[in-house]
Amino acid sequence: MSQQEKTSSHVSFRDYKGKYKGLLAWILSTDHKRVGMLYLYSIITFFITGVCLGIAMKLELIAPGKTVMDPATYNAIFTLHGVIMIFLVVVPGLPAVFGNFMLPIMIGAKDVAFPKLNLLSWWVYIFGAIIALSSLFMAGGPPDTGWTFYAPYSFKTNTNMLPAVLGAFILGFSSILTGINFIVTIHRLRAPGMTWFKMPLFPWTLYGTSWIQILATPIVGITLLMIVGERLLNIGFFDPALGGDPILYQHLFWIYSHPAVYIMILPAMGAISEIIPTFANKSIFGYKAIVISTLAIAFVGYFVWGHHMFTSGMSGTALYTFSFLTFLVAIPSAIKVFNWVSTLHKASIQLETPFFWAASFLFVFMIGGLSGLALGALSVNVHLHDTAFVVAHFHFIVFGGVGFAFMGAIHYWFPKIWGRMYNARLATTGWIMFFIGFNTLYLPMFFLGISGMPRRYYDYVERFHGPNIVSTIGSWVLFIGLFVIIFNLIRSAKKGPIAPKNPWGGKTLEWTVDSPPTLENFEEIPVVEKGPYDYS
Amino acid sequence: MDTSIIVEDEHRDDEGSKLGMWLFIFTELLLFAGLFIVYGVYRYLNPEAFHLAAQQLSVSVGTINTIILLISSATIAMASSSIRLKNKKLTLILLISTLVMALIFMVNKYFEWSGKIHHGFFPSSDTLHTLGNGDTLFFGLYFFMTGLHALHILVGVVLITIVVVRVSKNTLTDENPVLLDNSGLYWHLVDLIWIFLFPLFYLLT
Amino acid sequence: MENHSESHIVPYKTYLYILAALIALTVISVAASNIEFGGFTVFVALLLASIKSSLVLIYFMHLKFDNKILQILVPLIFLLVGLVLFITFLDYNFR
């Protein structure tokens, strides 16, 4: 922490002068807020790239047969869309951006436990991203396996698998570093008086997420290394011709990639748990139940990976176990939804944009969650496996759940991060368009899936034409909504009216510091006496 | 607290560093756990072939390497005590013997590997393909797992070398032994993994 | 500040005893591999390895002298690995 000596009392983290100037003052800064902002800008860039790929896919599907691209390009595009959106956007998403920025402030610390490691994690992230995306510019083209890299195709295809797989491996390192950092920060740096059960819920969900990050990511790391081994040395781990078992690859891949869904969704739930009590002006209902359900999701979520493989030919015993565990993991999520709705009961609600995002989060998360239960039932899964229904389900969770929470969080903490208010009317317009576009885009896919349209298909029969047109139009509405939102945020960050310390009447510690916060957040480390949502 | 003093010493939290190191060790354990799962499944599917293939490996080389690693673990653990007792000379001796032990391990490994490769036991070799799928998988796993383990040994050697340099320059003393402790923890992890690799590849014949 | 923890200094003798025990267990496991236990061969080998690794964890890695959190976490990690293995074998064992 080299810049420390230069701090004077009220210079914001955006303006203080450190050892370096200009861009270097950001990309070499170990300040958790600047690292969080670096993540924010890089993730938004990748997100927009991923959205454009998604729009291209939907455009291709507006009519049967070839519309704008050939089948090989389509395969490459859905793979890249998946790789970018999963590994570069939603997995780091909320923890790396808002976790980095808000976690130390919310628990009353000056920084994370290992600031240098924190900066390193961003550099590793960028390095991994460059490696993963370099396949685009190599002869042979980007991979066409889907983001799951299923064996044996992933070591038979002639496309550039190695950069994508190595990139994902490196990105895992970044994720692990963030996880280690957050766990140590939460264990060691809570402000005096902040006992575990006085910690706000967003840090709690980051704690759960960090554990999954450090315990699940290595499994996919080693699996991806084995794929590299397969391609380079032809070892035979997953090659049926050499005695390997491709289903074992699926096991290992999903041992990480299912918990990864909880890496994404837990902090999203945490952000919603911050937004709802603030705008309801009311203490959150069932604080302890939310904490315990967070930890329960993190734990049980580790053992449900097999529900991605119901039609792969697993044993009956495994099928029943995984289906049972899948239903079990739905309980803590339902407890949270119940608590959020109960918090709103008889509350005098402030109708602001972050609240709209939180409320619509509840709506899409319920649809996503309940369709997930449908998929968790064995017999239904056999019918719906690998159809557009699955695509709709996980977009409702990953894009609807995580994306809406991210949007809610960015509006909620916008005054704190940039020290200015956004334009509420434009923000709400953006939200309405995004919400309508989102549902128009994905709801028809449930219908398409039930009637039998497979996922990842380039072409389809005429009877699926109508819903596909609706869906594509939805993607355009969503895109315009996204444009409005981003335009508004960029403009408001420069020209918006100056924000006070606590525009929403929040009770957690980040609302007691300056907007934007100073280098070390607090002039004096606070002593915590009350619980986090004390509105009495 | 006197707020007029803005300049403060660098944040230091030994307990936190140790916790961080342990969390990293957890990720390493899970990394190898993935490979142990693969080993377990393929052993279960090819019991006879794994049984016979393991006889190709020399139990004596494996035993010697195990004992070498155990001794090196003990020496670095003792270094953690000696640095606290302010015995710089003994600390250096213990650390350097750990390094020497690591090098002997690697030399043994080198001869073992080159012997196997010389006899045609290496991934995707014709010898293995004619022997059958069980042997292919056994030796694939053998090279992959011991290779990854050897990579960890090399990382450990680099870490301990840094510690040796810092101890000899007196920048690492009984005041701040946490880097030595954490390198020790890492080295014990390498030992821990070998404790499981050894019976799985050399003894279950 | 509270951060400079005074950790327990373990006497050299303890480490030497543990080392002797570990080497003895290694020799025992090599000897045991020559005895025919039938289906229990793998079990015996893994049991001995587990005892050895516990010794390394408890003494060499200082768990015995460390704070409570680590004493709880470390067994949980091994439990987790065990559970993952168990669930994976629910597939392979009953296929």
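## Ground rules

Helices here are DSSP runs of H or I with at least four residues, strands are E runs of at least two, and both are numbered from the N terminus. This is a predicted model, where local features need pLDDT of at least 70, side-chain atom pairs count only at pLDDT 80 or more, and totals for chains, interfaces and linings use all residues. Residues are numbered from 1 along each chain as its sequence is written, chains are lettered from A and ligands numbered from 1 in the order in which they are written, and side-chain values use heavy atoms, with hydrogens and water left out.

Let's start with the loop between helix 5 (115-134) and helix 6 of chain A, which is where A:P152 sits. The peptide bond leading from A:A151 into A:P152 is cis, with omega near 0°. That loop also holds A:F149, whose phi is near 50°, a positive value in a residue other than glycine. A:F149 is buried at a relative accessible area of 0% (buried means under 20%, exposed over 50%, partly exposed in between, using a 1.4 Å probe and protein chains only). For context, most residues other than glycine have a negative phi, and most peptide bonds are trans.

Another cis bond runs from A:S515 to A:P516, with omega near -10°; A:P516 belongs to the segment after helix 16 (465-495) of chain A. Over in chain C, C:H62 is not a glycine but has a positive phi of about 65°. C:H62 lies in the loop between helix 2 (41-60) and helix 3 (68-94) of chain C, and with 19% relative accessibility it counts as buried.

## A proline in a chain A loop

A:P192 is in the loop between helix 6 (161-188) and helix 7 (201-233) of chain A. Its relative accessibility of 44% makes A:P192 partly exposed. Leaving out residues up to four places away in sequence, A:P192 touches A:I525, A:P526, A:V527 and A:V528, where contact means heavy atoms within 4.5 Å. As for A:L136, that residue is 56 residues from A:P192 in sequence and 50 Å away in space, C-alpha to C-alpha.

## Aromatic pairs

Rings of Phe, Tyr and Trp (its six-membered ring) pair if their centres lie within 6.5 Å; planes under 30 degrees apart are stacked, over 60 edge-to-face, and the rest tilted. That rule gives 77 aromatic pairs over all chains. One of them joins A:F389 and A:F446: the ring centres are 5.0 Å apart and the planes meet at 65°, so the pair is edge-to-face. This pair links distant parts of the chain, with A:F389 in helix 13 (residues 388-412) and A:F446 in helix 15 (residues 424-450) of chain A, 57 residues apart. Both partners are buried: A:F389 has 7% relative accessibility, and A:F446 has 10%.

## Chain B as a whole

Chain B has 7 helices and 0 strands. Its radius of gyration is 21 Å, well over the 17 Å from the globule rule for 205 residues, so chain B is more spread out than a compact globule (taken over C-alpha atoms; the rule is 2.2 Å times the number of residues to the power 0.38). The C-alpha atoms fill a box of roughly 75 × 35 × 25 Å along the principal axes.

Of the 205 residues in chain B, 61% are buried. Among chain B contacts between residues at least 6 apart in sequence, 82% join residues at least 24 apart.
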